[in-house]
Amino acid sequence: MKKTLFAASILAMGISGCVADDGGGQLLGAGLTAFQGLTISKPELQAQASLAAQKMDAENNLAPANNAYSQRLAKVTRGLTQIDGTPLNFGVYLDKEINAFAMPDGTVRVYSGLMDVMKDDELVSVIGHEIAHVKYEHSLSQFKTAYLTAAARQAASAAGGTIGALASSDYAELGSQFMGAQFSQKDELQADVYGVEVLCQQGMDPYAAMRAQQILLQNSGNGGGLLSSHPASNKRIELVRDAAANASCR
């Protein structure tokens, strides 16, 4: 029996009692530790992310291609087709929440609420920031944690070089957990600087990244979405201002 199959089998037997046991949290922790010991490749995790993205698209109000928001997004992201070999696909959720996110498979979703409060170049800086989380695999790390937690709960086995699929109903919850995760300050600052680079690539004002951060800071009292998972700060504003001043497109 392969090591991965053996570990998954033991995990499945151990987790079966998690729900009823008062110490289920400890059992889940043990199961999660076992899963973290398994080898999960980047393509496998990206495939799981795609399934989660499809479920989220089905459960949100995804704007059609002929919608004004979709057309605006397509215009400002023209030329942004891939990042380090990962294809990018963009879409708009018709929702007043100020939010945007990128999945490790290259799925990028922008909420109409964010588009309402930002000009094109400011919006592109946020999109560039989200793409950076894909480029530097910040989102891959966050998604792996969310997936392993969900997989441990469902005892989804890992064998034969593939990872077990979750129940269909679990993918939307998995996506929500991923979206709610907070990146480290280091990751956020690295993504902010890359957002300036994307502005240069698109022939836009690099200082738009600073203005975007100012808008997010002004709206921080609204809570939720991008405002809670990617909190703006005066430090981030100063960083992107410096990055803009030193940008190659200046």
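Over which residues does pLDDT stay under 50, and how many contacts beyond four places in sequence does the model have for them? One such stretch is residues 1–34, for which the model has 32 contacts beyond four places in sequence; pLDDT is the predictor's confidence in each residue, from 0 to 100, and contact means heavy atoms within 4.5 Å. Residues 157–161 also stay under 50, with 14 contacts beyond four places in sequence. Where pLDDT is low, the predicted coordinates should not be read in detail.

The model is predicted, and local features therefore need pLDDT of at least 70, side-chain atom pairs count only at pLDDT 80 or more, and totals for chains, interfaces and linings use all residues. Residues are numbered from 1 along each chain as its sequence is written, and side-chain values use heavy atoms, with hydrogens and water left out.

The mean pLDDT of the protein is 81, and 75% of its residues reach 70 or more. The protein has 12 helices and seven strands, taken as DSSP runs (H or I, at least four residues, for helices; E, at least two, for strands) and numbered from the N terminus. Of the 250 residues, 49% are buried, where buried means under 20% relative accessible area, exposed over 50% and partly exposed in between (1.4 Å probe, protein chains only). Among contacts between residues at least 6 apart in sequence, 68% join residues at least 24 apart.

Two helix pairs are described here. Helix H3 (residues 42–59) packs against helix H8 (residues 168–180) at an angle of about 95 degrees, with the axes 8 Å apart. Axes are lines fitted to C-alpha atoms, for helices over the stretch in contact, and angles run from 0 to 180 degrees between N-to-C directions. H3 is therefore roughly perpendicular to H8; angles under 35 degrees count as roughly parallel, over 145 as roughly antiparallel, 65 to 115 as roughly perpendicular and the rest as oblique. On the H3 side the contact includes Gln48, Leu51 and Lys55, and on the H8 side Ser168, Tyr171 and Met179 are among the residues met. The residues of this contact divide into seven nonpolar, four polar and two charged, with Ala, Val, Leu, Ile, Met, Phe, Trp, Tyr, Cys and Pro counted as nonpolar, Asp, Glu, Lys and Arg as charged, and the others, Gly among them, as polar.

H6 (residues 120–135) and helix H10 (residues 208–218) pack at about 85 degrees, their axes 8 Å apart, and H6 is thus roughly perpendicular to H10. Asp121, Glu122, Ser125 and Val126 of H6 meet Ala208, Ala209, Arg211, Ala212 and Ile215 of H10. This contact comprises five nonpolar, one polar and three charged residues. His133 is also located in H6 and, at 1% relative accessibility, counts as buried. Its C-alpha atom is separated by 8.5 Å from that of Met103, 30 residues apart along the chain.

The structure holds four aromatic pairs, in which rings of Phe, Tyr and Trp (its six-membered ring) have centres within 6.5 Å; planes under 30 degrees apart count as stacked, over 60 as edge-to-face and the rest as tilted. The rings of Tyr93 and Phe101 have centres 6.1 Å apart and planes at 50 degrees, so this pair is tilted. For Tyr93 and Tyr111 the centres are 5.4 Å apart and the planes at 80 degrees, so the pair is edge-to-face. Tyr93 lies in strand E3 (residues 89–93) and Tyr111 in strand E5 (residues 107–111), so the pair ties together parts 18 residues apart in sequence. Tyr93 and Phe101 are buried, and Tyr111 is buried as well. Tyr93, Phe101 and Tyr111 form one aromatic cluster.
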